[in-house]
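The following note sets out numbered points on the model shown below. Please read them alongside the sequence and the coordinates.

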Amino acid sequence: MLPDDNSTIETTVRAVLRDVLGLSEARAAALRDDTLLFGAMPELDSMAVAGVLTELEERLGILIEDDEVDGEMLETFGALVRFAAAKAPR
Amino acid sequence: MIDHYDWRGGREAMLRFGPTNGPIVVIAMPLFEEANRTRAFVVTLCRALAAREVASALPDLPGQGESVLPTDDARLDDWRAAFAAAAGNIGRHVHGVALRSGAAIDGEARLESRWRLSPLPGAAALSELRRAASTGGTAIPVQPGADCPPLLLAGNRIAPPLFNALTDDGAVAVPDGPLRTVRLVSDPQPADRKVDAAPLWRRAEPGNDPALAALLADDIAAWIARCGG
């Protein structure tokens with residue numbers, strides 16, 4: 001059973017950021033739609049970006065092409081959730 | 001203790017833990033960066049197995065870890081052959097434990113059973129390195145020619161034959177014999193058991209999880225007892 005609704009996807013994206021970046025539960029819970037990610041969160045370097053995207057692929061059963069990865073989809077937590085939701089199988 | 005094993009291409013180091021008799025497992029570590037992130041955890045797991053009277057062996061692969069073989073000379077078929085030789089070196093009734101992309105190299109070994117944690121194929125292991133390199137601004141060819149120099153992917157020098165063999169390794173092999181797959185609760189793929197833990201192999205800073213090591217050691221010990229010990 002693959003996660004297919006938006007709240008499940010948001011929960012998954014939050015958990016992936018927590019697990020890959022080693023965020024505390026409090027920091028992970030505090031991620032909001034407009035929380036800035038890439039460029040604002042020091043843990044999120046290029047190796048960590050690769051880990052986040054690959055972990056999202058595994059947990060959501062999606063495939064993210066390299067040319068889809070840009071600053072926009074990683075700009076905020078909300079942008080990353082919307083990107084993942086658009087990729088998730090229905 | 002630090003032991004060694006011989007394979008067709010030379011001699012490699014192998015860490016040994018636990019009792020000198022009784023059941024023994026040979027452990028296939030994850031490939032590349034995930035090996036670094038999980039090394040402390042794997043040693044904790046080996047010690048937890050030893051506390052349960054299960055011996056373990058942790059072979060270095062040619063061209064990885066302490067190996068004297070240049071990293072550029074590492075090949076996927078050599079890894080499989082070396083792992084099979086390591087398993088053959090340590091006894092006749094050996095069980096396999098593979099972590100992550102370690103499942104891509106345990107296929108040729110003669111094993112009484114296989115226990116795998118969150119297995120993934122070689123292609124998936126390579127794709128994260130590719131992605132880290134491309135996010136860092138390095139252009140990576142899809143299929144490098146044989147005369148192409150080794151590619152540097154997130155700090156790993158990978159020659160075209162290894163790169164292409166990993167690319168072709170698109171699905172986790174399911175060899176004959178007893179197989180148990182354990183995954184994390186966060187992983188939607190099917191498994192015989194799901195455990196609630198964070199994926200240590202993804203953490204930017206290597207960590208450890210003794211509680212998870214103890215839980216998995218219990219699972220492995222019970223599994224190999226069911227498979228004849």
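**Note on the sheet and the chain contact**

1. Chain B contains an open sheet of eight strands in the order β1-β2-β4-β3-β5-β6-β9-β10, with mixed pairing. Strands are DSSP runs of E of at least two residues and helices runs of H or I of at least four, numbered from the N terminus; two strands pair if DSSP finds at least two bridges between them. At the edges stand β1 (2–7) and β10 of chain B, each with a single partner strand, so one side of each has no neighbour in the sheet. From one strand to the next, the twist averages 25°.

2. The model is a predicted one, in which local features need pLDDT of at least 70 and side-chain atom pairs count only at pLDDT 80 or more, while totals for chains, interfaces and linings use all residues. Residues are numbered from 1 along each chain as its sequence is written, and chains are lettered from A and ligands numbered from 1 in the order in which they are written.

3. Within the sheet, β2 (residues 10–17) and β4 (residues 55–59) of chain B pair in the antiparallel sense over four bridges. B:Phe17 has B:Ser56 of β4(B) as its bridge partner. Helix α1 (residues 33–51) of chain B packs on the sheet and touches β2, β3 (24–28), β4 and β5 (94–99) of chain B; the direction of this helix makes about 155° with that of β4(B). Axes are lines fitted to C-alpha atoms, for helices over the stretch in contact, and angles run from 0 to 180 degrees between N-to-C directions.

4. B:Val185 lies in the loop between β9 (179–184) and β10 of chain B. B:Val185 counts as exposed because it has 11 C-beta neighbours inside 10 Å (exposed: 12 or fewer; buried: 20 or more; partly exposed: in between; C-beta atoms placed from the backbone). Its C-alpha atom is 5.4 Å from that of B:Val195, ten residues away in sequence.

5. The contact between the chains takes 23 residues from chain A and 17 residues from chain B, where contact means C-beta atoms, placed from the backbone, within 7 Å. On the side of chain A that touches chain B, α1 (6–21) and α3 (46–60) of chain A each give two or more residues, and α3(A) gives the most, with eleven residues.

6. B:Arg202, in the loop between β10 (193–195) and α5 (210–226) of chain B, counts as buried because it has 23 C-beta neighbours inside 10 Å. Leaving aside neighbours within four places in sequence, B:Arg202 is in contact with A:Asp19, A:Val20, A:Gly51 and A:Glu55.

Key: Two residues are in contact if their C-beta atoms, placed from the backbone, lie within 7 Å.
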